[in-house]
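I opened this structure for a first look and kept short notes. The entries below follow the order in which I looked things up.

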Amino acid sequence: MNYFLTDDQKMIKDLAAQIAREKIAPIAAELDETGEFPHEIVKVLAQSDLFRVFIPTEYEGLGGGMFDMCLVVEELSKACGGIALAYAASGLGTIPIILFGTEEQKKKYLPRLASGEILAAFGLTESGAGSDAASIKTTAKPDGDSYVLNGTKQWITNGGEASIYTVIALTDPARGVRGSSALLVEKGTPGFDFGKKENKMGIRASVTRELVFQDCRVPKSSILSKEGMGFLVAMRTLDQSRPGVAAQALGIAQGALDKAVEYSRERHQFGKPISSFQGLQFMMADMATQVEAARALTYSVARAVDAGEKDVSRMSAMAKVFASDTAMRVTTDAVQIFGGYGYMKDYPMEKMMRDAKITQIYEGTNQIQREVIALGLIKESVRGKK
Ligand code: COS
């Protein structure tokens, strides 16, 4: 389908596709095995200016926003969802600075994030606060000109690799989530350490670690927005970033579909290529239709986000749910088309299925997304009746 990309967007997409093909595909299986962080690929992405695409031009970016970021994430994910995540998670960590940073904060961090010199990360989740994000316990006690952070953030993508972290913590615990604030915390700040590296089912080339704060003092100037606005910063950030997860899912699904179609032409059984059997043809037709529908929705939502559409929560959730459920179905069917070979680690299919699974879970489970969609519908209906 023609999505009417501009010449710049076509260039960005082609460049990301080339990097995926030439640099990522050859090492994807190895990094999946070793769980090593893709430092070399991050360097290549930086040298290719791909970290600039979603950062405003005033801060040495290319000003393309979430849509251009989605184009990159989709292409990289076709080759490896885990390696793509090192890029996408830096995007997630950068969004709150773009949306809520002061001029000083933007000038300090965005040009270095745009050049790929540093990576960003986002710290909301805790062991007891996943779907129920409002129940965080990490505190940031005001003390003179500083906040003193204590607590542990869990499952933070790019943990340890990123240089700058947006951390949601309670500056006024008595007010619960209304007493939460978003703070920028630099790696290397005394009292800020990293916990264990997680051993994951999929996206193994991405790094997931705890952020551990023990009397970690950050200046009051590190706050994003105002005291008490931490939950809003987090929710608005996720509204913008969820199309990025959709793009990752979309890329994994398209990558799996492409490989399944190719394999079905090469694999012969009963004296013919298995692509000639209608059972598989119907399967591939459904896979392709679902992938295209996921793409149409993801692109529309990313474009709406960039256009400054006011309430994007519901549509952003829809894109994330639809694309990630599609990725899970399509990769499972792709394994089926590969048959016994699909189940073996010698072929990329089982990895794609493992990588797809997380897209239904992180940045808000698909159950939470459905709640956001349904509550939005109900609220709209109530408003309509008034
Ligand atoms: N944008 C702006 N404000 C929002 C918002 C959004 N998308 N979502 C909620 N808010 C506001 C509400 O308007 C409410 O404001 P008031 O206190 O002024 O009334 C406040 O935030 C609390 O909202 P709510 O009562 O709906 O919060 P809940 O505790 O019920 O949680 C969900 C809402 C479930 C949607 C939220 O916790 C969530 O998104 N959970 C998933 C978290 C997640 O994605 N985790 C993944 C890890 S981060 S990578």
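I took helices (H or I, at least four residues) and strands (E, at least two) as DSSP runs, numbered from the N terminus. I noted that this is a predicted model, in which local features need pLDDT of at least 70, side-chain atom pairs count only at pLDDT 80 or more, and totals for chains, interfaces and linings use all residues. Residues are numbered from 1 along each chain as its sequence is written, and side-chain values use heavy atoms, with hydrogens and water left out.

Entry 1, the ligand shell. I counted a residue as near a molecule or strand if one of its heavy atoms lies within 4 Å of it. I found 18 residues around the ligand, the closest being Ser131, Arg178, Asp239, Arg242 and Gly364. Which element gives the largest share of the shell? Helix H6 does, with six residues. For classes, Ala, Val, Leu, Ile, Met, Phe, Trp, Tyr, Cys and Pro count as nonpolar, Asp, Glu, Lys and Arg as charged, and the others, Gly among them, as polar. On that basis I listed nine nonpolar, five polar and four charged residues in the shell.

I read 2.5 Å between a polar side-chain atom of Arg178 and an oxygen atom of the ligand. A polar backbone atom of Ser131 is 2.8 Å from a ligand nitrogen atom. For Gly364, a backbone N or O atom lies 3.0 Å from an oxygen atom of the ligand. The protein covers 62% of the 1,000 Å² of accessible area that the ligand has on its own (Shrake-Rupley method, 1.4 Å probe; for residues, only the protein chains shown count as cover).

I placed Gln369 in helix H11. Is Gln369 buried or exposed? Gln369 counts as buried, at 0% relative accessibility; buried means under 20% relative accessible area, exposed over 50%, and partly exposed in between (1.4 Å probe, protein chains only). Contact means heavy atoms within 4.5 Å. Leaving aside neighbours within four places in sequence, Gln369 is in contact with Arg242, Ala317, Lys320, Val321, Glu363 and Gly364. A polar side-chain atom of Gln369 lies 3.1 Å from the backbone oxygen of Glu363.

I found Asp325 in helix H8 (residues 313-338). Asp325 is buried, because its relative accessible area is 14%. Not counting residues up to four places away in sequence, Asp325 touches Gln360, Asn366 and Arg370.

Most residues other than glycine have a negative phi, so I noted the exceptions I came across. Phi of Glu60 is near 70°, and Glu60 lies in the loop between helix H2 (39-47) and helix H3 (65-79). Phi of Trp155 is near 60°, and Trp155 lies in strand S3 (residues 146-157). Glu60 is partly exposed at 49% relative accessible area, while Trp155 counts as exposed at 52%.

Methods
Polar contact = N/O pair within 3.5 Å; in protein donor to acceptor, adjacent residues only side chain to side chain.
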